[in-house]
Amino acid sequence: MKLPRAFSLVDVGIAALVLVAIFLPARTMYAASAVKGDKQAQFALAVAEARAEASPQDGALTADLTRRLSAAGFKDWAIEVAVDGADKMKGSPSRWQALFAASAAYTDRVDIKEAVDYANRAVSACEGAGPVACPEWQAVPLDLYLQHLEAGVASGIDPHRDPDGFRGAGENAIRVIRTKSVTTERTPGAPSGSPPPAPAPAPSPVPAP
């Protein structure tokens, strides 16, 4: 039996595939959370995301979400959340916290140039926010963090190739600054011959390999 010239075996095959695609039952699909770990960690991240979206002018909530994303391994997502959040909260007194979180997220991805840039922005925003929105106990670690990064950059050490060396250069610079500070400003009432108090530990912004 010959098929009419208007149809060929290819046409018949295509028609069969179309019929199969139409009448074949849909394949079962499964979804899983992208966040690995226990249910409590997943729930905490979901809550942090909901709070940040509900209060987009709160830098502390954006910073909390950024930290949780970085800890979960979503480094790009963490940067996006912090940067976008900081852009949307211009004029907010807590904006410096989102900028600080963006810098920390860039540091976590070892993008030091961007980390220094956003750390400088955070310091400027903190100074402009006033002592209520950015009290001294938060401003001082922020300033030390920036000095740590800048000292690492000034050392010329590549943080990708030698993260320990980069981190050590920053820690040594902060230790010198802190030692000079406590030597000049001794504890009131301390004897003149007594050694200065031990300097506070320097922050280590570059993650260990």
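Okay, let's start with helix 6, residues 112-133. If a helix of 22 residues ran straight, at 1.5 Å a residue, you'd expect a span of 32 Å, but this one covers only 27 Å between its end C-alpha atoms. Keep in mind that we're looking at a predicted model.

So where does helix 6 bend? At Glu127, by about 60°. There's also a proline, Pro131, that follows within four residues.

Now, which residues of helix 6 are buried? Going along the helix, we have Ile112, Ala115, Val116, Tyr118, Ala119, Ala122, Val123, Cys126 and Gly130. If you're wondering about that spacing, here's a general point: an α-helix has 3.6 residues a turn, so residues three or four places apart point the same way.

Ser70 belongs to helix 3, which covers residues 59-71. Is Ser70 buried or exposed? Its relative accessible area is 15%, and the cut-off for buried is under 20%, so Ser70 counts as buried. And what is Ser70 in contact with, once you leave aside neighbours within four places in sequence? Those contacts are Ala78, Ala105 and Asp108.

That's the tour, thanks.

Methods:
Residues numbered from 1 in each chain as written. Predicted model: local features only at pLDDT ≥ 70, side-chain atom pairs only at ≥ 80, totals over all residues. Heavy atoms only, no water. Helix = DSSP H or I, 4+ residues; strand = E, 2+ residues; numbered from the N terminus. Expected span 1.5 Å × (residues − 1). Bend = angle between axes of the 7 residues up to and from the residue. Buried < 20%, exposed > 50% of the residue type's maximum accessible area, 1.4 Å probe, protein only. Contact = heavy atoms within 4.5 Å.
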